[in-house]
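Let's take a friendly walk through a protein model. Have a look at the structure, then read on.

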Amino acid sequence: MSVIDLITRVDSICRKFDKYDVDKQAELNVSGDDAFARLYAVVEAELDSTIEKAESVASAKNRAAVVAINAEIRRTKARLLDEIPKLQRLAMKKVRGLSREELEARSDLVSALKDRIASVPDGTTTAAQPSSNGGASASTGIKFNSNYDGSFDSDYFQNTEETDRFRQEYEMRKMKQDEGLDVIAEGLDTLKDMAHDMNEELERQVPLVDEIDEKVDKASSDLRSTNVRLKDTVNQLRSSRNFCIDIILLCLVLGIAAYLYK
Amino acid sequence: MSSDPDKLVAKADKLTKLTLTRWSADWRNATLNYEQAANAYRVAKKYGKAKDAFEQASKGQEMLSSPWDAAKHMESAAALAKEIGNWNEVADLYRRASELYVECGRAQPASDALGKAARAVEDHLPDVAVQLYTDAISLLEEDDKDQMAFDLYRALTAVYIKLEKYTDAAAALLRLGLAADKSSATNSQFKAYLGAIIVYLYAHDVKAAEKCYNDCSQISAFLGSDQGRCGSRLISAYSEGDVEEIKRLAQSSTISHLDHAIIKLGRKLPTGEVTAVKAGTEEGEGLDENDLT
């Protein structure tokens, strides 16, 4: 994770939990004045980003990307236009510490903002250079604004049969997949059960194997000591006894041989 | 040494009988003779005589203070008695063998002997089998070898089910659960609990089954396990009187992993009429009110 990721994540987290920041909230609620200014700032910021996006359309190569960006712009515009009346109401509010001129200036600001929003190019065919009634600019634009999500309706109805067939096939395939998944699930259940039983069996055998281990160790050490003693004993026997027997037998054989050759 | 078993037995008898000329019985040789005779009889398939010879051999080993060999001979004698089909004697011989094993201080073979006995007689003398299984289980539990007792518990449950003593069967399963708990064999434990619930349901004792389920749910791991969920679905299906659901659950894989005898019971569910137990739900509401106040 790079530093940039960290920074963006921290930013988003801060923004998310801003509402819990007591100090910040207190600051914001000090006066209605700031409410207007805040909202105004927010709307303006969004407007700026929308304008940026509109500019990026010009450089976008992918047609689909262009369409998507345009859709995004239209949606944002609609939203911002909704915010405008709120802003106007706030502008009307009389706030202490604010002169009369500033109050009037505010409503002008609001209408100017409205114009600016409407003037953002959103790819509508009618050149949307708004006149003073910015809200009604490009009546076709408004239609697209609210209905964009359903704008493919006109195409949809053309392909009813195809989509019907497709949808049927899709449902059938989904059913087959479900059946297959069921079989797999059962198999997995059996495997899980077997694995559990094996686990228990192994645990059962652990102390038994330990016992075996001990006993075998003892037996092998016993064997080793016995072997050593046996070896000693056998050596002893060999050295004295067998030697005498060997000599005696040898003499006997020589005696017999001598007798035979006499 | 003659290989004729009769002659061997006669010789061994003579060695052990005390007469004027013989002041102490020569058990070592006698036992040797008895063993040879018994093996010869077994090969010749003269099971009665072989059994007697083994018994004598066992007595000889006892006199020679080797209870292990004595027990082994006794077990062979019992196996031969099984061939003959003399069930009471089988039980007796195995019991004596088990006692000799206990004398050696080895609980495992003792319990094994009793288990073999129980298995041999369970078809013919099921009550005796039950007793033998219980003794075998207690032998193992005293020696802290619970895990070996699982198989015995399962066999005991099967016998009870055959005898149609369902409460006893369920009790045996719950004891199995306890033993499994002591040795942390959770899978066996949960399967035992589910089995107990099924046995109760088969006996059409829904209340007892519910109680059993509630008791077992004290163990949180059981609640979340496959078997626990299957059990709760069974109970709720019973209380709603949903026969289709019960049949479907009985075919499910969770139940197929249980013991044979219990699978057979499960497939035969539901027994009798399954009416939605309204009384149960009312009771439940009553309890809720009590909790709130």
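## Chain B at a glance

Of the 293 residues in chain B, 47% are buried (under 20% relative accessible area, with exposed meaning over 50% and partly exposed in between, using a 1.4 Å probe and protein chains only). Keep in mind that this is a predicted model, where local features need pLDDT of at least 70 and side-chain atom pairs count only at pLDDT 80 or more, while totals for chains, interfaces and linings use all residues. Residues are numbered from 1 along each chain as its sequence is written, chains are lettered from A and ligands numbered from 1 in the order in which they are written, and side-chain values use heavy atoms, leaving out hydrogens and water.

The secondary structure of chain B is 17 helices and zero strands; these are DSSP runs, numbered from the N terminus (helices: H or I, at least four residues; strands: E, at least two).

Confidence per residue is given as pLDDT, on a scale from 0 to 100. Chain B averages 83, with 91% of its residues at 70 or more.

## The greasy middle

In soluble globular proteins, nonpolar side chains tend to be buried together. A nonpolar core here is a set of buried Ala, Val, Leu, Ile, Met, Phe, Trp, Tyr and Cys residues joined through side-chain atoms within 4.5 Å. The largest one has 93 residues, and B:I198, B:V199, B:L201, B:L234 and B:L269 touch the most other members. Helix α10 (residues 186-202) of chain B gives the most to this core, with eleven residues.

Which residues does B:L201 touch, not counting those up to four places away in sequence? They are B:V206, B:A209, B:L234, B:Y238, B:L269 and B:T271.

## Two helices side by side

Helix α13 (residues 226-240) and helix α14 (residues 243-250) of chain B pack at an angle of about 155°, with their axes 8 Å apart. Axes are lines fitted to C-alpha atoms, for helices over the stretch in contact, and angles run from 0 to 180 degrees between N-to-C directions. So α13(B) and α14(B) are roughly antiparallel to each other (over 145 degrees; under 35 is roughly parallel, 65 to 115 roughly perpendicular and the rest oblique). On the α13(B) side, the contact is made by B:C230, B:R233, B:L234, B:A237 and B:Y238, while α14(B) brings B:E245, B:I246 and B:L249.

How values were computed. Contact means heavy atoms within 4.5 Å. pLDDT is the predictor's confidence in each residue, from 0 to 100.
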